[in-house]
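Dear colleague,

Please find below the structure that I am handing over to you. My findings follow directly after it.

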Amino acid sequence: MAKRPFFFTSASSVTYGTTARETQAFKNYSKNPNGERNQNGQLGILQDKIDHLERLLAENNEIIANIRDSVINLRETVKDGKMFPEGSMSQGNGELLPPAPALLPIHSEDCQFAARTYSKAADGVQMLDVYDLLSFDNPDGGVWKQGFDISYQDNEWDNEPLQVFVVPHSHNDPGWLKTFDDYYRDQTQHILNNMVVKLHEDSRRKMIWSEISYFSKWWDGIDEQKRDAVKRLIESGQLEVATGGWVMPDEANAHYFALIDQLVEGHQWLERNLGVKPKTGWAVDPFGHSPTQAYLLRQAGLSNMLIQRVHYSVKKHFASQKTLEFFWRQNWDQDSSSDILCHMMPFYSYDVPHTCGPDPKICCQFDFKRLPGGRISCPWRIPPQAITDNNIQERVQTLLDQYRKKSKLFRTNVLLAPLGDDFRYTEAVEWDQQFENYQKLFDYMNSHPELHVQAQFGTISDYFEALRKSTGMDPVGMNVGQLAFPVLSGDLFTYADRDDHYWSGYFTSRPFYKRLDRVLESHLRAAEVLYSLTLANIQKYGQPSDYPAVDNYKLLTEARRNLGLFQHHDAIAGTGKDWVVVDYGTRLYHSILNVKRVIVSSAHWLVLKDKPAYYHDPSNPFLQMDDVQPSQDALPRKTILEVGEKPRLLVACNPTEQARTSMVTVYVTTPKVRVLDALGHVVRAQVSAVWNDASHAATDVFQLSFVAQAAPLGLSVYQLMEGMEPRTEAAKYMFLQDGMKISVSKPEHFSQFYQQDAAPVHIENPHLKLSISKATGLLEKMRLKEDDSEFLVKVEFAWYGTTSNKDKSGAYLFLPDKEATIYSPSQPPVVRVTKGPLFSEVTTTFPHITQNLRLYNIHGVEGQSVEICNTVDIRGEINREIAMRITSDLNSKDRFFTDLNGYQVQPRKTMAKLPLQANFYPMTSMVYLQDSGTRLSLLTAQSLGAASLKSGQLEVIMDRRLNQDDNRGLGQGVLDNKITANSFRLLLEKRSSAEEAHSEETAPYSYPSLLSHMSFMYLNHPFISMAVSQRSDAPSLIPYSPLSASFPCDMHLVNLRAIQSKEEGGGPSEQAALILHRKGFDCGFSNRNTGLLCTTTRGKIHLEKLLTDLKVKSISHVSLSLMHTHSSDANPQEISLKPMEIRTYRLQLS
């Protein structure tokens, strides 16, 4: 299939857009609601049927015409089965890609996944139902403030003793109140050094560790003897690595690309250095939990997981139902293949006072670091006592009472009691205090059978093994024995730890760095793919190459680790101290510069026609990046290209797996420019002014935009040269203030236009027409040209303040004073309207925000949505947060949808019983609203907090400036605001069948359309343009096309990540991890005019057929992070994924 993207085996197996479901709808037409059939109705029905058949016929004709055109085009373009044959890249008008079909060819089977009707598992707990059920009141529960009194009978354990596992742990934040390096120097290295000594002293002692970022730094600095001691501790089961990711990631703001990457980085490090394969996840500190992380752990081959920070009302409910241990199953999963056994800790915190049982006043007395004379004490004023022969009986009774009470919240006689806190076990004396005193307690318990308790130190997997054994379950798998545990689906946001203290502030805090994170992600992914392809190509050509393979691999490794570090729950969350934020920002910034070096050196090799002529000169690279970020806290600036008579070559890299048509914009020194493609055909271009402020244009630099086309994962070559060119047109401008035209000093080279009447300003493209208020410059209406329907879509900005109570908003918490007030600046903004052949835009300059609203005049993905860029600056404000609000006439009621980690969509319900801040949720990639006929989506290029507080309304918080700490340990407000750019795409889609929408009203899942998925890809992975640096010798370049066709529309190449070689020296091996994700999508929206050149293939890819000049030397299906190899009898060449599945293959190309 891959080489013939537009043919189909049989027409019947393909539905275009809507036909199959329409036919179904039309079968159900003939009964009216009461089941009667009246004569009058019959005629109407007949008329409907005829209309319907005519519509189907017309559609079919169009489809046939499309297929015919495609076949004719293909016949011309396809030589030896390749989409982009070298040397003859195009026919006719200089378009590199064949014309796209008007309707995307979607296989009908591929529509069934999203369209199936929802049926709830009998034993299932759905989080949406739990939220409906709970009253979210907050009565005083006694010693367990947020819970209830727990009682038990003394004889309950007579037949089956209580089995207690005390699990020592030390929570090491890779940056929070100190930087990563400072924490390591002051605390973490001492914890790990003492661990080796202290665990060695007594084989009954245990410890778990989770953050590999710290562990690897320590490992690099210890000698062989110590390393051997660590390996022995792991082999004996005294030390366990839990999760084994680079960090313990934030689960709200992190994108799944980065979640996977930090997990792979940790697991690969463990495989290389320790030969360890983690079995159990440990996440005690992320502020709310996502099922995406559960899925990724399951795909990596983990069997169990533990979570802690969950809303206190949910914990109390689960404790009362004994459902704190459950199989966590994905919302979209149709069987149990995604299940993972999960333990939710019942109480307020993971510290010792809140882990031995319900009464913190008592549990604190068993935290022996707090013995009198130490640096920390018990806030409940009753200190611990060292265990002696005199007090042991009473101490055992007191502690056992807590253990027994805690065990009453669970279904088995196996009990978990974590023993640790932040940066614990730094000093040898603390190890002695905890381990010696607890060992005495255990010895006493275990030697008194009448107590019916068996207590010991254990690792977290020791606990889960015993738990599984006690219920007759498989030791690692998910076959459930007698189904001892319920199945839970859904997510665990938004977190509140007490009162109305909802942690929805950190969904937006430090948004500048949330954006920088995504810039590094996009560049790292592009660099990984180009690097892997370059290595494979070099092997194939066998050139003795100057290509810096090892140096580039080291840069990639450092970038993976810096990106991984930033996924930590105090990093991307925006909850670190100011100087820690700068440290993270500097790491991201340096890695962006470094991966750009990898991109440039790889692209250079790939486009060079004469490979032996390749040379690597790091101080003067052959290609230069199109933009440069001056510092870690500044927005990027465009490089200015000198354009003269000699052609200046430009390379455009398409990092997506789809053949693509997208706008490229560069800054040039003259408005008189011709753009030519690789074959010398002139390409249409638009020259626009570069504005120094709202109404003053630069005179020495100009914006040059043209529509570039590139093969999937390919590199295209364009030439820029000075000269008059009719196909390069200048933009026209109009300036307004307060609805009136204002005169500005006329920009040279550009004409101005006027609009006499008071009507709104319009900008339009082939798909959309926007009405924009003359007074505010903001969007008011959107018209879809496909069926000429108009919708109210009104953009506004709004301020939130913070409450006057003692507890105010801070880095974590959002505690607003009231509903937002609409932003209305004292003087009306300057509105600049740009109209041009390739894009039109409206730029509005307010005191705190500059909004750029742009429409691309492109047929296809880029032209289907509105680009919104807000540059926000609230540095002069006090305790204010600024939101963008979009009000529409969609009847969405109280339902809206946000994504989880860019991986899946979670339906939400705005609840009046909750405070305003509780109705905000994390938005990593999109938020949307819908009614029976329409969906309005806001796609985002950075994670932010989002809500739908009224029907038809969406809002996102873009920045927050808060003058005080919110008492969660940070000890400062958020006052390090930057000028921050937020980028979005606004997408309005018509549903092609309403019954679909009806079945979706109650389902706990929802899926974006293919167009929405693609628009997100284009927004987050723009073309990367590089200019050939100016020097005398211009070697000849040829476009690079690694694939003969686009990937299937629903298949995403998450990464193609080179694997480190086993040899010393930190270079690459010949293998790479190919990570794929098959996206779930809703077929109920139009797939017309997407401009895409893909089909869907029921989740199958034949890799060898898709590659142009490389061959697959070996490929094997492995677990997500390459820890486990899956035996497969199937043809390894045929890759096959189920909808929503993420899969990794170990791949060697040659």
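I begin with Thr412, which touches Ser407, Leu467, Ser470, Thr471 and Phe485, leaving aside residues up to four places away in sequence. Please bear in mind throughout that this is a predicted model. Thr412 belongs to the loop between α12 (392–407) and β11 (414–422). Its relative accessible area is 9%, so Thr412 counts as buried, the limit being under 20%. The side chain of Thr412 also reaches the backbone nitrogen of Val414, at 3.1 Å.

Ile222 sits in the loop between α6 (212–220) and α7 (224–235), and its relative accessible area is 10%. Not counting residues up to four places away in sequence, Ile222 touches Asn193 and Arg227. Ile222 and Asn193 are 29 residues apart along the chain, and their C-alpha atoms are separated by 9.1 Å.

Ile538, by contrast in setting, is part of helix α15. Ile538 is buried, with a relative accessible area of 14%. Apart from neighbours within four places in sequence, Ile538 is in contact with Gln543, Ser545, Tyr547 and Trp605. Trp605 is 67 residues from Ile538 along the chain, with 8.9 Å between the two C-alpha atoms.

Turning to the helices, which residues of α10 are buried? They are Tyr312, Ser313, Val314, Lys315, His317, Phe318 and Ala319. Because seven of the 10 residues of α10 (residues 312–321) are buried, this helix is largely enclosed by the rest of the structure. The cover over the buried residues of α10 includes β3 (124–126), α4 (127–133), β9 (325–328), β10 (340–344) and β13 (487–489). Just after α10 comes Lys322, with a positive phi of about 55°.

With 18 residues, and at 1.5 Å a residue, α16 should span 26 Å; its end C-alpha atoms are 26 Å apart, so the two values agree. The buried residues of α16 include Asn552, Tyr553, Leu555, Leu556 and Thr557. Further along α16, Ala559, Arg560, Asn562, Leu563, Gly564, Leu565 and Phe566 are buried too.

Several points of backbone geometry should be noted. Most residues other than glycine have a negative phi, and most peptide bonds are trans. Asp738, which is not a glycine, has a positive phi of about 60°; Asp738 is found in the loop between β26 (732–737) and β27 (740–741). Leu1122 likewise has a positive phi, near 70°, and is placed in the loop between β51 (1112–1118) and β52 (1134–1136). Leu1122 is buried, with a relative accessible area of 1%. The peptide bond from Phe493 to Thr494 is cis, with omega near -5°, and Thr494 is located in the loop between β13 and α15.

The largest cavity holds about 360 Å³ of space. Its lining has 31 residues, and those closest to its centre are His255, Tyr256, Gly902, Tyr903 and Phe1016. At least two lining residues come from each of α8 (256–273), α15 (511–541), β40 (904–909), α20 (1010–1020) and β48 (1051–1060). By class, 13 residues of this lining are nonpolar, 13 are polar and five are charged.

The second largest cavity contains about 110 Å³ of space. Its lining is made up of Leu533, Leu713, Leu1043, Phe1047, Leu1053, Leu1056, Leu1074, Leu1103, Leu1107, Leu1147 and Leu1149. Two or more of these residues come from β48 and from β53 (1142–1149). The lining of the second largest cavity has 11 nonpolar residues, no polar and no charged ones, whereas the lining of the largest cavity includes five charged residues.

With kind regards

Notes: Residues are numbered from 1 along each chain as its sequence is written. This is a predicted model: local features need pLDDT of at least 70, side-chain atom pairs count only at pLDDT 80 or more; totals for chains, interfaces and linings use all residues. Side-chain values use heavy atoms; hydrogens and water are left out. On a 1 Å grid over the protein atoms alone, a cavity is a set of points where a 1.4 Å probe fits but cannot get out, and a pocket is an open set with protein on both sides within 12 Å along at least five of seven lines; lining residues have an atom within 4 Å of a point. Grid points are joined across faces, edges and corners, and a volume is the space filled by probe spheres set on the points. Helices (H or I, at least four residues) and strands (E, at least two) are DSSP runs, numbered from the N terminus. Ala, Val, Leu, Ile, Met, Phe, Trp, Tyr, Cys and Pro count as nonpolar, Asp, Glu, Lys and Arg as charged, and the others, Gly among them, as polar. The expected span of a helix is 1.5 Å times one less than its number of residues. Buried means under 20% relative accessible area, exposed over 50%, partly exposed in between (1.4 Å probe, protein chains only). A polar contact is a pair of N or O atoms within 3.5 Å; within protein, one must be able to donate a hydrogen and the other to accept it, and residues adjacent in sequence count only if both atoms are side-chain atoms. Contact means heavy atoms within 4.5 Å.
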